[in-house]
Amino acid sequence: MINSLWLIPALPLAGATINAIFSRKLPRWLVSVIACGAVGASFVVSLLAFFAMQSTDEHHRVFNVSLFTWIPVADFKVDVAFLLDPLSALMLLVVTGVGFLIHVYSIGYMDAERDDGYGHFFTYLNLFIFSMLMLVLGSNYLLMYVGWELVGLCSYLLISFWFHKPEAASAGKKAFITTRVGDFGFGLGVLLIFTTFGTLDFADIFAHAKLIDQSLITIITLLLFAGAVGKSAQIPLYVWLPDAMEGPTPVSALIHAATMVTAGVYMVARSHALFELSPFSSEVVAWTGALTAIYTATIALVQMDLKRVLAYSTISQLGYMFVAVGIGAYGAGIFHLMTHAFFKALLFLGAGSVMHAMNGIIDMRQLGGLRAKMPRTYITFLAAALAIAGFPFFAGFFSKDEILASAFATGHTAIWVIGLITAGLTAFYIFRAFFLTFHTEPRWTTDDRRPLTEDDSHRSSVNGHRSVHPHESPAVMTIPLAILAVLSVIGGFAGMPKVMGANFLEHYFEPVFKPHDLHLAASTEWMLIGASVAAGLLGIALAYWFYIARPTIPVTLARRFSGIYNLLWHKYWIDEIYSWLFVDKGYRLAMFLWQVLDVKIIDGAANGLGRATAALSRVTRSWQSGYARAYALMMLIATVIVLGWLILR
Amino acid sequence: MGFLSVLIVLPLVGALILLFIPRQSERAIRYFALFVAFATFAVSAMLFASFRAAPEMQFVERVAWIPQFGISYYVGVDGLSILLVMLTTFLMIIAIGGSWVGITERVKEYHIFFLLLEAAMLGVFVSLDLFLFYVFWEFTLIPMAFLIGIWGHTRRVYAAIKFILFTMFGSTLMLVAILVLVFANRDVTGALTFALPELLETPVPLGLQPILFGAFALAFAIKVPMFPFHTWLPDAHVEAPTAGSVILAGVLLKMGTYGFVRFNLPLFPEASQQFAPLIIALALIGIIYGAIVSAVQRDIKSLVAFSSVSHLGFVMLGLFAFNAQGMSGGILQMINHGLSTGALFLLVGMLYERRHTRLIADFGGVAKVMPIYAAFLLIVMFSSVGLPGLNGFVGEFLILVGAFRANVWYAVFAATGVVLSAIYLLWMYQRVMNGPLTRDENKSLKDLSPREIALLVALVVFIVWIGVYPRTFLDPMMPSVTSLLTMLK
């Protein structure tokens, strides 16, 4: 089974290739069957590989399968080789499993897409799964980098899928370029690893890491982390992710929530042997995560676009994962990565279901009261909201709690406090979104003629279609929602805290990470659990009070603290600052170089040389007068000079 | 007659036969020229197939030409030149196929010039005699200048003259340097010879090396073109017909980089070491400067032209890193640039044939009416951006490894080029292909014809091949790279 590992990425690649070439000629149902079938088959192979791995002795659960030598130049040799161990196996299951559900959901969601676009969409989705699997399976840094970049390509293609919309086209470009800024660091990190270790192979590098000077390891890990900051949207490179919501919603679910953005977390976890050797780098990772978590959670508090709330929430949750891998709780980070994949995919797909029902409306000011109209979406969204809010026994509760407990246990009290506050903010913003979407009075109308209020009539002129007829989405969309909802409810039991019973994940990772023993007294552990539960419940209660019980409060607060409100509403003006600093100034610099240096100075000098030559030739031309006597005179002068020189020499 | 002579003579004979085809039968002319290009490619493919991965010159032929001066017809290929020969014959098919509908005037002369150009370029890459090399080198100028000057756009004469003057300026100095080198060699050995292998047997006096290196380097640097000798390039490209740009970017520029590898490095090893920091500094400036200036171009062709300055900076950086990764990456990147930039110029030309403008501002939303075109432009663009899985990545990464080993800072500066290339190309793509389709002229644009698709598929096959399995192209060059590096040490 292990030898068929190559099938896992090959299947989606084949699906993408077939659809890329033939999708125009194939019937739509076949296009989707090929795409979903490829990922489904990949999931089955991953599952078989997982069980094959689990059936072996637990200390030897690391398999390396080399396919061929990719680039051999003297001592630089990189193989196309795959690595299966508990870490990559779990990632495979998440990527192909969640990916498969999102593929199926897309059959319904993308139904309105005209023929060409439908095939393109599934081609890109398959290509994305392939890229992510290469990233996860690669057994050396270069192959990981390959998957990493290809994931960026797919992200570009899928965000700007509706390329005729200028916002979508810009967002795709912004995502690719911003993450490439991070990749600049990652790439240099890979180079430094090669010159330091003489290889890019994970096993060799990690085996020899202890022999290397610590400051060098610190530089390497910081460079690698720069790549993670880009791809996983952390401060200061997070700006691309909220804009990425311009893509179709399944894209947001698949790559901007469940899988692609987790690449950075996976990379740090994969490189744990290096990060463990550099306390400084680890501290940087943890603090970047913590600050990103709370910073973006505050932005999510006031956003009105449902998908945008979820986008900032994703960044914030990724922050938690970086806290985990930064403080050395690698298993906890991957655990949260997994549960987050379940509930965040579900939240996005739920938001997509709402959009599907509401003719594309996603602004919560125009939603409300959808509970009765779409009961399945409602109940599954609730499950995901409870999971992310850390409601007891839901998936997010266990994973978030393990991260916070680890932070506390390793003495990162400040990070623990930040995490706790963020947990409260998370519960608040997600339930705010939940209430504004599914509860409260409807702020839309099924009546084509009569706008609700003066203000609404204004908005309708902006939006174009005020009148909507919300309805539950088809089964092809709600069944994936249901499956993800089940996973969001029970997915956390894989990693229950010790005080509550067995922990499957703790020993699962053992051949990769050392088990992370918290050394906490049972009473302390219960206290920590209590604190995070309290934070979550407080957030939910506050959201209920603000948006259901006393809906005037948020308005009053926004008015009274308009400074803070505006700061959050405008996302701290970071986008504007970046645009001014990099786009405007960069453009001016480029224009200066071109118009002044290139055209005026360099070309001017060349043309000047040309003019000087022309002027000189005008002078010498007059000597070629054609009169024999002039030539005779010149010969005479020249002869005198030459003779004179010969004599006087 | 050996393989290589057949290779050079085939296009010449083709050009000769074209003379006798009546100018009215344009179809016959086109098909015949295409046939000659295919035949030449077939010969070069056989050459590649029977090429052994070994350091020495292969398929060597030598016939005395002007024995009094030690000048001979002396040709051969090794790992450094074999790929460039392949690239030349391959791109010639693309060039002739790409002129199928775009060129309607003086079709006969056009194809004659192209075949003459092919013979000259192949001659440059296989010459082992310096005089022969110089003859071929100068001979490439004439057909190219005519191609720009006759079939070019509005400012074609200015561009053609600029092209000639810039290159001639450098090559005149090179001729002087060749003569000085040959006579200096005679002073030591007593034998007058222009043959490179024989000249390499006796080290060039250290005192003479810097000045000779400088003269050769100037000729080649203008051709590459390296910053700050690049200003002829945007003009030449903007004015040249599509196929002219494909060959100019694809092959002619490589004559410059090839010249460095073939002559500067082995003939003047000490001076090469001495000048390396200067060359690398100019290469790095070129990488960053070319990319930045490229971003604000209004004409797509001059955008691609400036991007060439950036990409060839990478090649030069790799060559002067003086290690196996940099050198092989640099040579591979010559091929990659030929394929990717050649394809980019071809694509821009296809758009121009439809709209008769290349200004970015005249487009927008084109992907909606030309989806197949959009797909190809996307692939080629990402190959130029250096996306893994496509050709550009392998070359660029090897160069960065080499640069990093030479000096960490070289790699740091060069790597910014990787970010910048994404900016200028993606921004261009966005403005041309994406967004709403606002202009009426663009709404009726026709998507690619089967002929155009065939040309692009051929290019994309190699773009993917090199990206996925570069060993086909890396393995044959390695022994020559290794032996060149030992000469340098």
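User: The side chains of B:Ser340 and B:Ser383 are joined by a polar contact of 2.7 Å. What is a polar contact?

Analyst: A polar contact is a pair of N or O atoms within 3.5 Å; within protein, one must be able to donate a hydrogen and the other to accept it, and residues adjacent in sequence count only if both atoms are side-chain atoms. This is a predicted model, in which local features need pLDDT of at least 70 and side-chain atom pairs count only at pLDDT 80 or more, while totals for chains, interfaces and linings use all residues. Residues are numbered from 1 along each chain as its sequence is written, chains are lettered from A and ligands numbered from 1 in the order in which they are written, and side-chain values use heavy atoms, with hydrogens and water left out.

User: Is B:Ser340 buried or exposed, and which residues does B:Ser340 touch?

Analyst: Buried means under 20% relative accessible area, exposed over 50%, and partly exposed in between (1.4 Å probe, protein chains only). B:Ser340 counts as buried because its relative accessibility is 4%. B:Ser340 belongs to helix α13 (residues 324-355) of chain B; helices are DSSP runs of H or I, at least four residues, numbered from the N terminus. Leaving aside residues up to four places away in sequence, B:Ser340 touches B:Val380, B:Ser383, B:Ser384, B:Asn391 and B:Ile463, where contact means heavy atoms within 4.5 Å.

User: Why is α17(A) described as largely enclosed?

Analyst: Of the 15 residues of α17(A), 12 are buried, so the rest of the structure largely encloses this helix. Among them are A:Phe397, A:Phe398, A:Lys400 and A:Asp401. The buried residues of α17(A) pack against several helices of chain A, including α14 (306-326) and α22 (522-549). Just after α17(A), A:Gly411 takes a positive phi of about 85°.

User: How many residues does each chain bring to the contact, and what area is buried?

Analyst: The size of an interface is often given as the accessible area lost when the parts come together. Chain B brings 62 residues and chain A 50 residues. About 4800 Å² is buried between the chains, with carbon and sulfur atoms giving 73%; buried area is summed over both parts, using a 1.4 Å probe. On the chain B side, B:Val296, B:Phe397 and B:Phe404 lose the most area to chain A, together 12% of what that side buries.

User: How many salt bridges link the chains?

Analyst: There are two salt bridges between chain B and chain A, each a side-chain nitrogen of Lys or Arg within 4 Å of a carboxyl oxygen of Asp or Glu. B:Arg405 forms a salt bridge with A:Asp75, with the closest N and O atoms 2.6 Å apart.

Note on methods:
Buried area is the accessible area (1.4 Å probe) that two parts lose on being put together, summed over both. Helices (H or I, at least four residues) and strands (E, at least two) are DSSP runs, numbered from the N terminus.
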